[in-house]
Amino acid sequence: MAGRQATLEYLTTTKIGEKGQLTVPKQFRKDLGLATGAPFAVLRLGDGLVLLPEQQRFEHLCEQVSSALTGAGLAPESILATLPEARKRVFARRYKKSDSLKKASRRQSRGQRGK
């Protein structure tokens, strides 16, 4: 995507089918490398819709993240070095709470059995 120039041009007119489906003409599917089942993001822009192939959206997001990190002076190696600690923190936040809830639930159910 980095090599593509952002353009806005009228391509064609298409119709919505019975099941709400749109047909993207073959030439444009070929030009964009879109196969059957290719996922699209559907964005609303005022009274219009923008259809954006998900792959392009993901590539664009990656480019933005990369630019932001490079702009902040962070090298890929330094970011990768932080991953093990970040994983530990995410795991602790996500799963330690559920473990303590399960233990509390077990204690409550044990206490009710004795009654």
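The structure is a predicted model, in which local features need pLDDT of at least 70, side-chain atom pairs count only at pLDDT 80 or more, and totals for chains, interfaces and linings use all residues. Residues are numbered from 1 along each chain as its sequence is written, and side-chain values use heavy atoms, with hydrogens and water left out.

The chain holds three helices and two strands, in the order α-β-β-α-α from the N terminus on. Helices (H or I, at least four residues) and strands (E, at least two) are DSSP runs, numbered from the N terminus. Of the 115 residues in the chain, 3% are buried; buried means under 20% relative accessible area, exposed over 50%, and partly exposed in between, with a 1.4 Å probe and protein chains only.

In the segment before α1 (26–32) lies Ile16, which is exposed at a relative accessible area of 62%. Together with Leu22, Phe40, Val42, Leu49 and Leu51, Ile16 forms a nonpolar patch on the surface, with about 580 Å² of accessible area together. Such a patch joins nonpolar side chains (Val, Leu, Ile, Met, Phe, Trp, Tyr) within 5 Å, from residues with over 30% relative accessible area and no salt bridge, the latter being a side-chain nitrogen of Lys or Arg within 4 Å of a carboxyl oxygen of Asp or Glu. Accessible areas come from the Shrake-Rupley method with a 1.4 Å probe. Both β1 (40–45) and β2 (48–53) supply at least two residues of the nonpolar patch.

Thr14 is also placed in the segment before α1 and is partly exposed, at 36% relative accessible area. The C-alpha atoms of Thr14 and Val24 are separated by 7.5 Å, with the two residues 10 apart along the chain.

Definitions and conventions. Patch = residues over 30% accessible without salt bridge, like charges linked within 9 Å, V, L, I, M, F, W, Y side chains within 5 Å.
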